[in-house]
Amino acid sequence: MATRVFATYKFLYDRDDGLQQVKSQRDYRDLPSGNLLTPITPLFLARVTGLDTKIPEPNVRNARHVMSYVTNPNVQKGYSELKAYSPYQPGDVRLAQHLREIEAVPRVICSDYHGEEASKI
């Protein structure tokens, strides 16, 4: 089993209800090769903030994200499944652009988009 290391980014996330939150994204790297596994793109990096604050975990919403399947020869199945958050809300043209950027990352085999979901009480 390959070992992974990560860094954490804090980024501005536009919720579907119009509010904005600070969330975090982990940037996983494969330790033996040093290859970046998480598809971090320029449009994502444009939303990274330097805020030095603890990020509360929201308990009523699941953030929109892309589940990316990334080539990884250091694991038995040959790929890793990684979550990449999309900070742009529906209706913002940057959302579709960000999804295209993720798909264009050379190591991404395919990906599945998951919209924001409200949790049931």
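**Exercise 1.** How many helices and how many strands does the secondary structure of the protein chain come to?

*Solution.* The model in view is a predicted one, and in this model the protein chain has two helices and seven strands.

**Exercise 2.** Work out which strands stand at the edges of the open sheet of three strands, and why one side of each is left without a neighbour.

*Solution.* Begin with the order of the strands, which is E5-E4-E6, with antiparallel pairing in this open sheet. As for the geometry, neighbouring strands here are turned against each other by 20° on average, when direction is ignored.

**Exercise 3.** Describe how strand E4 is joined to E5, and then find the helix that packs on the sheet.

*Solution.* Strand E4, which covers residues 65-71, runs antiparallel to E5, and seven bridges join the two. To follow one of these pairings, take Tyr69, whose bridge partner in E5 is Glu81. The helix is H2 (residues 93-104), which touches E4, E5 and E6 as it packs on the sheet, and whose direction makes about 150° with that of E6.

**Exercise 4.** What percentage of the 121 residues in the protein chain is buried?

*Solution.* Counting as buried those residues under 20% relative accessible area, one finds that they make up 35% of the 121 residues. The accessible surface of the chain comes to about 7,300 Å², and 53% of this surface belongs to carbon and sulfur atoms.

Conventions:
Residues are numbered from 1 along each chain as its sequence is written. This is a predicted model: local features need pLDDT of at least 70, side-chain atom pairs count only at pLDDT 80 or more; totals for chains, interfaces and linings use all residues. Side-chain values use heavy atoms; hydrogens and water are left out. Two strands pair if DSSP finds at least two bridges between them. Helices (H or I, at least four residues) and strands (E, at least two) are DSSP runs, numbered from the N terminus. Axes are lines fitted to C-alpha atoms, for helices over the stretch in contact, and angles run from 0 to 180 degrees between N-to-C directions. Contact means heavy atoms within 4.5 Å. Buried means under 20% relative accessible area, exposed over 50%, partly exposed in between (1.4 Å probe, protein chains only). Accessible areas come from the Shrake-Rupley method with a 1.4 Å probe; for residues, only the protein chains shown count as cover.
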